[in-house]
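I opened this notebook to record what I looked up in one structure. The entries follow the order in which I consulted it.

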Amino acid sequence: MATEVLKELSIVYDNARTYLAAHTLGLHESALGYDMIMRLYMDGSKSGYATLNDAAKAELFPSETARPHQLDVKFASYAQFDRADNSVAFSVSGEELHRASGLGTSATHVDESFTGATIDGMTKTTEMRFTLHSNSTVCAVCVISADLILHFWQYACAANAAGNGIANAAVSNAAPYQGESITFTAQLKPGATWHGWYADATCTQLVSTDQTYTTAAADLTLYAKATREVTGTGAYAKLNDQYTEAQRVFKKISGAWVLQSDIAAVKQEMQNGNYKLRS
């Protein structure tokens, strides 16, 4: 069953320059008696923005291809003067998700938060931006802190062997995230015939006939089936580091070892994978 994993990033005064790239903004500054992460300069610019850089995304994304399904953002902001047109907005790929408007004076911080934003299609390369605005060129609009949380689905995957012809079955990632790909691989025993990957242990629901099978990440358990024809008795004993085929085969029945006369039936059982080697 999928598990929801949260990746969090808190941007504060001491790390603003580590996680943000600014345009017409000051970062990691002190003014009006407060330490802040972003400040709109009072130099004739009415708007400025700061984007989350690669370092920030490295904290928020568990892999290069993982895709989140939800975004939560919280930030504290204020302005030097009370104006209805003072604002701080947060955008993803140019689409504004939330705007805090009518910011108060530096004596009153405005705490803004929004949760549950649907962000289907977001990747690690998607732009995330804070935009600060004022219609006055002498009003300092500031952000004191910002917290971001991305929600990811993480899945459980497994590869199992079915039949007597599989030497090894494996999946490239047992705990992938939504957006990633996974690859199932199977190694066959000598002389085995490959049948495919199945969704059920009894191998009735065929998924793919490719021995190396790649698919999108999801909760997925697949069974690799291959069979091989057993010749002779099909049972081997190791003696002096050499394997020698047994001339007789015994089967344990009701706690007692019984000599098997129907070798064909035994071989069929072995082909069907009813026996396992025991060290």
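Is S134 buried or exposed? I found S134 buried, with a relative accessible area of 0%. For this term I keep the following cut-offs: buried means under 20% relative accessible area, exposed over 50%, and partly exposed in between, with a 1.4 Å probe and protein chains only.

Before going on, I noted that this is a predicted model, in which local features need pLDDT of at least 70, side-chain atom pairs count only at pLDDT 80 or more, and totals for chains, interfaces and linings use all residues. Residues are numbered from 1 along each chain as its sequence is written, and side-chain values use heavy atoms, with hydrogens and water left out.

**Entry: S134.** I located S134 in the loop between β10 (128-133) and β11 (141-154). Strands here are DSSP runs (E, at least two residues), numbered from the N terminus. The side chain of S134 makes a polar contact with the side chain of N86, at 2.9 Å. A polar contact is a pair of N or O atoms within 3.5 Å; within protein, one must be able to donate a hydrogen and the other to accept it, and residues adjacent in sequence count only if both atoms are side-chain atoms.

Entry: β10 is joined to β5 by five bridges, and the two run antiparallel; Y49 stands opposite T131 in β10. Two strands pair if DSSP finds at least two bridges between them. On β5 (residues 47-52) I also found an antiparallel pairing with β2 (residues 20-23) over four bridges, in which L20 stands opposite L52.

β11 is joined to β6 by ten bridges, again antiparallel, and L148 in β11 is the bridge partner of V73. Seven bridges join β6 to β9 (residues 110-118), also antiparallel, with A76 opposite D111. I noted that β6 (residues 70-79) is mostly covered, as nine of its ten residues are buried.

**Entry: positive phi.** Most residues other than glycine have a negative phi. Which values did I find for C203 and S254? Phi of C203 is near 60°, and S254 has a positive phi of about 50°. C203 is in the loop between β15 and β16 and counts as buried at 11% relative accessibility. S254 lies in the loop between β21 (250-253) and β22 (256-259) and counts as exposed at 80%.

**Entry: a surface patch.** I found W257 in strand β22, exposed with a relative accessible area of 53%. F250, W257 and L259 form a nonpolar patch on the surface, with about 340 Å² of accessible area together. Such areas come from the Shrake-Rupley method with a 1.4 Å probe; for residues, only the protein chains shown count as cover.

How values were computed: Patch = residues over 30% accessible without salt bridge, like charges linked within 9 Å, V, L, I, M, F, W, Y side chains within 5 Å. Salt bridge = Lys/Arg side-chain N within 4 Å of Asp/Glu carboxyl O.
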